[in-house]
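Dear colleague,

Please read them with the coordinates open beside you.

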Amino acid sequence: MRVASSAAELVARVRAEAVAEVDTKSSETDVVTAGDKAAERLVRDELARLRPGEVVLGEEAGASGEPGPGAVCWVVDPIDGTVNYLYGFPWFAVSVAAQVDGVSVAGAVVEPVSGRRWSAVRGQGATLDGAPLHVSAARRLELSLVATGFGYRAERRARQAAAVAKLLPEVRDIRRAGAASLDLCAVAAGWVDGYCEHGLNRWDWAAGALIAEEAGAVVRLPSADAPLGPDAVFVAAPGIADQLHETLLRCGFGEI
Ligand code: IPD
Ligand code: CA
Ligand code: CA
């Protein structure tokens, strides 16, 4: 939390200059700013000081090594929601998680604009600014608000859009706010009832999925034999989880 908060403070402070220095990654719409790079450098420097010798996996600089069995690996998204950062749309965050053997044991998500601090420790619950988080009590899918997101490649987006078009008449409404870590936190807070997205990377969900799980959500992480596909993250309030999962399959989310 301390490291994520320092990075969030940096991200906010340098935004005006940082968004003028933009590179692209997997496609022309997949951007990285000087703010992403500076925030990851700060996180790596701080972790090297506070947790010397532990492996860091970060979106911008990759893995610093291979964690041994039972060792901590820090999983970092220096800015989740970079497109929002670029435009000044205030839904972006720094996400830092500690994983052991690929399982998140602690996570912090800090929002530079609002200052909101989300966190969880496995087995000890999730909090927003120190207050305990609980998922919604939703029970009916047709009255549920469902968040999702889209990848950066046009072919996949076309398939994602077709599936979302089928889902829309089955739910209260859809949200695509642009930061996976915060979408997961939103499930934890009951701000949405469920969330599903394909093609995320480990740093997108490592902290947020634990926060959702500790707030009581049903969480299904990427796995080779998942019905929704090997790279799907599915998170929902328990009262709608089965209905939402079945409906997503029926709408074609298993084939995107
Ligand atoms: C992206 C955001 C977005 C999601 C994309 C992610 P980035 O992360 O979380 O909401 O739809 O799949 O890649 O690129 O802003 O770190
Ligand atoms: Ca991300
Ligand atoms: Ca990022």
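I begin with Phe253, which, leaving aside residues up to four places away in sequence, touches Thr148, Ala163, Val164, Leu167, Cys196, His198, Leu228 and Leu248, where contact means heavy atoms within 4.5 Å. This is a predicted model, in which local features need pLDDT of at least 70 and side-chain atom pairs count only at pLDDT 80 or more, whereas totals for chains, interfaces and linings use all residues. Residues are numbered from 1 along each chain as its sequence is written, chains are lettered from A and ligands numbered from 1 in the order in which they are written, and side-chain values use heavy atoms, with hydrogens and water left out.

Phe253 and Ile211 are the residues that touch the most other members of the largest nonpolar core, which has 60 residues. Such a core is a set of buried Ala, Val, Leu, Ile, Met, Phe, Trp, Tyr and Cys residues joined through side-chain atoms within 4.5 Å; buried means under 20% relative accessible area, exposed over 50%, and partly exposed in between, with a 1.4 Å probe and protein chains only. Helix α7 (residues 202-214) supplies the largest share of this core, 8 residues; helices (H or I, at least four residues) and strands (E, at least two) are DSSP runs numbered from the N terminus. At least three residues of this core come from each of domain 1 (2-132) and domain 2 (141-255), the bounds being those of an automatic or database domain assignment. Apart from this core lies another, of 26 residues, which includes Ala4, Ala18, Ile79 and Phe92.

As for the arrangement of the domains, the C-alpha centres of domain 1 and domain 2 lie 21 Å apart, and the contact takes 41 residues from domain 1 and 24 residues from domain 2.

In an unreviewed UniProt entry, the annotation "binding site" covers Glu59, Asp77, Ile79, Asp80 and Asp204; the positions are given in the numbering used here, feature names are shortened, and annotations may be inferred rather than shown by experiment. Although these residues are spread over 146 residues of sequence, they cluster in space, with a largest C-alpha distance of 9.6 Å.

Within this set, is Asp204 buried or exposed? Asp204, which lies in helix α7, counts as buried at 10% relative accessibility. Not counting residues up to four places away in sequence, Asp204 touches Asp77, Asp80, Ala180, Ser181 and Leu184, and its side chain reaches the backbone nitrogen of Asn201 at 2.7 Å. Glu59, in the loop between β3 (55-58) and β4 (62-63), is partly exposed, with a relative accessible area of 23%.

Finally, two backbone angles deserve a look. Most residues other than glycine have a negative phi. Asp101, however, has a positive phi of about 50° although it is not a glycine; Asp101 sits in the loop between β6 (93-100) and β7 (103-110) and counts as exposed at 57% relative accessibility. Asp129 also has a positive phi, near 50°, and is found in the loop between β9 (126-128) and β10 (131-132), where Asp129 is partly exposed, with a relative accessible area of 47%.

With best wishes

Notes
A polar contact is a pair of N or O atoms within 3.5 Å; within protein, one must be able to donate a hydrogen and the other to accept it, and residues adjacent in sequence count only if both atoms are side-chain atoms.
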